[in-house]
Amino acid sequence: MAEDLNIVSGSKQEKYISITKQIEALITGEPDLTANLANIAAALKEQFGWFWVGFYMVKENANTGNSELVLGPFQGPVACTRIAKGRGVCGTSWAKEETIVVPDVEKFPGHIACSSASKSEIVVPIFNGTSVVGVLDVDSDRLDQFDAVDQQYLEAIVGLIKH
Ligand code: SME
């Protein structure tokens with residue numbers, strides 16, 4: 001497909017329907033995971049204008065032998081590089097193997113503040129079969145920006161990722 005995105009206005013659902021189709025076209029036939037994660041982050045950032053959109057991927061730390069989340073492709077300000085299982089919103093989503101919506105990050109115990117500008121957040125686990133291989137993390141600089149609609153569509157988008 002052409003590399004230009006078609007950015008639409010309208011309801012949140014209309015935006016998701018449009019960008020999901022375009023993400024599918026962007027990554028179909030491209031086997032490189034990093035390239036696809038990078039384009040998904042860029043497409044979501046451009047359509048929604050969120051403060052931070054990106055991926056943390058599960059990787060083994062050669063020094064400790066433990067698996068942890070390591071920063072992957074993203075759009076936005078520089079961010080924390082490594083997150084342990086169970087820590088912060090991302091590490092909790094990984095440990096619980098479920099999407100976590102945080103309306104106010106200051107009220108989430110253990111939230112990792114990569115930036116004080118981040119006010120609300122959604123983290124969606126990426127599955128390869130039954131195991132979590134990473135998470136999609138989206139941060140807004142406004143409170144209460146994510147709901148069940150975001151969860152539904154972002155889960156569908158990460159479901160398009162092939163490993
Ligand atoms: N806030 C996240 C850390 C990642 S940054 O927001 C990019 C967390 O608590 O896991």
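How many aromatic pairs does the count come to?

**View 1. Aromatic pairs in the predicted model.** The count comes to seven aromatic pairs, taking rings of Phe, Tyr and Trp (its six-membered ring) with centres within 6.5 Å. The ring centres of Trp 52 and Phe 74 are 5.2 Å apart and the planes lie at 15°, so this pair is stacked (planes under 30 degrees apart). Because Trp 52 belongs to strand E1 and Phe 74 to strand E2 (residues 67–75), the pair ties together parts 22 residues apart in sequence. Strands (E, at least two residues) and helices (H or I, at least four) are DSSP runs numbered from the N terminus.

The model is predicted: local features need pLDDT of at least 70, side-chain atom pairs count only at pLDDT 80 or more, and totals for chains, interfaces and linings use all residues. Residues are numbered from 1 along each chain as its sequence is written, and side-chain values use heavy atoms, with hydrogens and water left out.

**View 2. The shell around the ligand.** The ligand is surrounded by 13 residues (a heavy atom within 4 Å); Val 89, Cys 90, Ile 112, Glu 121 and Asp 139 are the closest. At least two shell residues come from each of strand E1 (52–60), helix H3 (88–96) and strand E6 (131–140). H3 gives the most, three residues.

View 3. A ligand nitrogen atom is 3.2 Å from a polar side-chain atom of His 111. In the side chain of Asp 137, an N or O atom lies 3.4 Å from an oxygen atom of the ligand.

Definitions and conventions. Polar contact = N/O pair within 3.5 Å; in protein donor to acceptor, adjacent residues only side chain to side chain. Phe/Tyr/Trp six-rings, centres within 6.5 Å; stacked < 30°, edge-to-face > 60°.
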